Amino acid sequence: MRHAKSEWGAAFNRDHDRPLNARGEKAARLMGRFLSDAGSVPELVISSTAVRALSTAELAAAAGEWSCAIVTSPNLYASDPERVLEVLADVDPKVEQLLITGHEPTWSGLVSRLIGGGRIRMPTAAVACLDLPHGSWTDLAMAVCELRWLVTPKMLRKNQELGIRN
């Protein structure tokens with residue numbers, strides 16, 4: 001999951017401290033409810049330490065009524081796909097559904113590389129669901145996953161306008 005829309009006009013000293021704006025808070029909650037409704041509740045959330053990423057994870061978890069732990073990793077902020085894989089290699093193999101919350105351009109690049117190429121774009125608050133067909137987190141590598149779906153808040157809002165249940 002990419003973090004939701006942040007507030008550029010807010011008072012913050014470092015980029016790391018930039019908060020979500022009202023639209024971002026609403027989108028994070030929407031995505032949390034969507035994941036619960038879709039049966040994709042994570043067993044663990046690992047978030048970047050940046051305020052906007054952690055807030056996204058916390059708001060999604062609260063709205064989706066997830067009971068999982070949310071932990072942070074400084075290695076998900078200002079990162080690259082290889083560094084993210086290092087973080088994921090340390091995940092307990094018993095965890096089957098994991099949500100990581102972070103930033104661009106890393107997230108689009110990570111998803112693209114995990115599925116073996118293509119041009120993936122992760123807008124704010126987007127969630128991509130990838131399957132690792134076999135093995136554990138230590139086996140996660142580039143070009144070994146399958147993209148099941150990628151959903152954005154905009155898609156969910158459009159469905160609501162059309163009367164389609166998400």
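Here are some questions and answers about the structure above.

Visitor: What kind of model is this, and how are its residues numbered?
Guide: This is a predicted model, where local features need pLDDT of at least 70 and side-chain atom pairs count only at pLDDT 80 or more, while totals for chains, interfaces and linings use all residues. Side-chain values use heavy atoms, with hydrogens and water left out, and residues are numbered along each chain, as its sequence is written, from 1.

Visitor: In what order do the three strands of the open sheet stand?
Guide: Strands here are DSSP runs of E with at least two residues, and helices are runs of H or I with at least four residues, both numbered from the N terminus. Two strands pair if DSSP finds at least two bridges between them. The pairing in this open sheet is parallel, and the order is S2-S1-S3.

Visitor: Which are the edge strands of that sheet?
Guide: An edge strand here pairs on one side only. The two that do so are strand S2 (69-73) and strand S3 (98-101).

Visitor: How many disulfides does the structure hold?
Guide: A disulfide is a pair of cysteine sulfur atoms within 2.5 Å. For Cys-68, the closest cysteine sulfur is in Cys-129 at 15 Å, too far for a bond. For Cys-129, the closest is in Cys-145 at 10 Å, again too far for a bond. The number of disulfides is zero.

Visitor: Is Cys-129 buried or exposed?
Guide: Buried means under 20% relative accessible area, exposed means over 50%, and partly exposed lies in between, using a 1.4 Å probe and protein chains only. The relative accessibility of Cys-129 is 12%. Cys-129 therefore counts as buried.

Visitor: How many of the nine residues of H4 are buried?
Guide: Helix H4 spans residues 106-114 and is mostly covered. Among its buried residues are Trp-107, Leu-110 and Leu-114. The buried residues pack against helix H3 (81-89), S3, strand S4 (127-131) and strand S5 (146-151).

Visitor: At roughly what angle do the axes of H3 and H4 cross?
Guide: Axes are lines fitted to C-alpha atoms, for helices over the stretch in contact, and angles run from 0 to 180 degrees between N-to-C directions. Angles under 35 degrees count as roughly parallel, over 145 as roughly antiparallel, 65 to 115 as roughly perpendicular and the rest as oblique. The H3 and H4 axes come within 9 Å, and the two helices are therefore roughly perpendicular to each other. The crossing angle is roughly 75°.

Visitor: Which residues in H5 do Ala-27, Leu-30, Met-31 and Phe-34 in H1 meet?
Guide: The axes of helix H1 (residues 22-37) and helix H5 (residues 153-161) come within 10 Å and cross at roughly 75°. H1 and H5 are therefore roughly perpendicular to each other. With contact meaning heavy atoms within 4.5 Å, the residues met in H5 are Pro-153, Leu-156, Arg-157 and Gln-160.

Visitor: Where is His-103 found, and which residues does His-103 touch?
Guide: His-103 is found in the loop between S3 and H4. His-103 is buried, with a relative accessible area of 6%. Not counting residues up to four places away in sequence, the residues touched are His-3, Ser-48, Ala-50, Arg-52, Ala-53, Leu-76 and Tyr-77.

Visitor: Is the peptide bond from Glu-104 to Pro-105 cis or trans?
Guide: Most peptide bonds are trans. Pro-105 lies in the loop between S3 and H4. With omega near 0°, the bond from Glu-104 to Pro-105 is cis.

Visitor: What is the phi of Ala-78?
Guide: Most residues other than glycine have a negative phi. Ala-78 is found in the loop between S2 and H3 and counts as exposed, at 62% relative accessibility. Its phi is positive, near 50°.

Visitor: What is the phi of Ala-143?
Guide: The place of Ala-143 is in the loop between S4 and S5. Ala-143 is exposed, with a relative accessible area of 52%. Although Ala-143 is not a glycine, its phi is positive, at about 70°.
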